[in-house]
Amino acid sequence: MGILVNTGVANITTSYLWFALTFWAYLETRNVIATGVIGGAYMLLIALSSISFGTFVDRYRKLAVMRFSAAFTLGMFVLAGVVFLLLPEATLLDLTQPWFWIFTVIILIGAVVENLRNIALSTTVTILIEPDRRANANGLVGMVQGIMFIITSVLSGLSVGLVGMGGTIVVALGLTALAFAHLLTLRMPEEVRAAATDAHGSFDLRGSFAAVMAITGLFALILFSTFNNFVGGVYMALMDPYGLEMFPVELWGAYFALGATGFILGGALISKFGLGKNPLRTMLIAVVIMGVIGAVFTIREWAWLYVLGIWLYLVLIPFIEAAEQTVIQRVVPLPRQGRVFGLAMAFEAGAAPITAFLIAPIAELWIIPYARSAEGSAQLAPLLGEGTSRGIALIFLIAGIVIIVAALLAFLTPVYRRVSETYARTAAEASTT
């Protein structure tokens, strides 16, 4: 529990600073390209680093990996603070100059390396928790992450609105240092030494693919999650601009936190009831429902509808993440799990920035101006109502429909049956040993 809470606090800190950076950049520039690039760059960096992270987790003790991650993130946030102190804010906010992008990359690298802890945490669940209780444990992880997400949302909006970006960096540094100091006091006697592994070097791409391909249908599961994230990049790029057009930044952070209570409910439901006999089926059902919500939660520019939609959307995210983690933890041997989680994260994270980089300029240059024009507004009104953000609503509607169709088709594939059978067989074998 100490490791889970510590990782939750670390997630608060990195998400707090990342969210604040996104809010600050949009409020000062009113440019969705900036927010799209920030979100896309974050996911791209995760994609580029995840295989190395997975290899690292397999080769070393999990607690040592977490400590390295915390120390590195602290160092990067200190560097970001130095850059902010040395440069005038007007210079940092000039998107035509390199300084904004350098400052952003420093923060994002610190946040990305913190994700090394999440891969280590997934393998730690395998070490500490009995197989039949791992779905519940993954639900508990999702619940804790939801609580941290709420705190992050409130703090980020209030922080940018009340103390500015400089004060936000100071708070982030303090929280990161506290989490690192606490991590140094933790022990994990269940893992006396790193598990034996066939991982080689610092970027074992061949071993990662071999570990995934050894399990029938596992690569297809990762590809489906990748496609889901590909569409999810739309929401990553445009959800904050939509909310910031509707609410002041302080209220947007609070309303987003209200929506994020869905994380807690979703995680609590999994922790209590698990994911059923077939987590993959549970995941696909959740994806279908998610697509419906994503299609309709901005169909009118009503604040209550947007917040309710976010809440329902976030209820489902723990089901999708926990289902994939539970399948991997069940069917992949522990010495290879780090690389499998790393490869999955690389594929899934790599999809979202492609969409974010594409959709942000398309939205900024074509769809939003069209939707705000007299002709476009009149054409969209019967379907999407009226308001300043009808262009973003149109994009959300299309993205939701694509998610629904993809999930329904996945039910019909042979791969779905093979992965389900592999999971069931492995569970039955484990119960007899």
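Analyst: Helices α15 and α16 are oblique to each other. In this predicted model, α15 covers residues 374–384 and α16 covers residues 390–411. They pack at an angle of about 55°, and their axes are 11 Å apart. α15 passes α16 in a left-handed crossing.

Which residues make the contact? From α15 come Leu380, Leu383 and Leu384. From α16 come Arg390, Ala393, Leu394 and Leu397. By type, this contact has 6 nonpolar residues, no polar ones and 1 charged.

Now set a second pair beside it. Helix α3 spans residues 62–86, and helix α5 spans residues 98–114. Their axes come within 8 Å and cross at roughly 165°. α3 is therefore roughly antiparallel to α5. Their crossing is left-handed.

The residue list here has two sides. α3 brings Ser69, Phe72, Thr73, Met76, Phe77, Leu79, Ala80, Val83 and Phe84. α5 answers with Phe103, Ile106, Ile107, Ile109, Gly110, Ala111, Val113 and Glu114.

Glu114 lies in α5. Is Glu114 buried or exposed? Its relative accessible area is 4%, so Glu114 is buried. Leaving aside residues up to four places away in sequence, Glu114 touches Thr7, Ala10, Asn11, Thr14, Ser69 and Thr73. Ser69 and Thr73 belong to the α3 side of the contact with α5.

Next comes helix α6, residues 116–128. How far apart are its end C-alpha atoms? They are 18 Å apart. At 1.5 Å a residue, its 13 residues should span 18 Å, so the two values agree. α6 is mostly covered, with 11 of its 13 residues buried. The buried stretch includes Leu116, Arg117, Asn118, Ile119, Ala120 and Leu121. Ser122, Thr123, Thr124, Val125 and Thr126 are buried too.

Finally, the whole chain. It holds 17 helices and 0 strands. Of its 433 residues, 56% are buried. Take the contacts between residues at least 6 apart in sequence: 87% of them join residues at least 24 apart.

Technical notes. Residues numbered from 1 in each chain as written. Predicted model: local features only at pLDDT ≥ 70, side-chain atom pairs only at ≥ 80, totals over all residues. Heavy atoms only, no water. Axes fitted to C-alpha atoms, helices over the stretch in contact; angles between N-to-C directions. Helix = DSSP H or I, 4+ residues; strand = E, 2+ residues; numbered from the N terminus. Parallel < 35°, antiparallel > 145°, perpendicular 65-115°, else oblique. Left-handed = near helix turned anticlockwise from the far one by under 90°. Contact = heavy atoms within 4.5 Å. Nonpolar A, V, L, I, M, F, W, Y, C, P; charged D, E, K, R; others polar. Expected span 1.5 Å × (residues − 1). Buried < 20%, exposed > 50% of the residue type's maximum accessible area, 1.4 Å probe, protein only.
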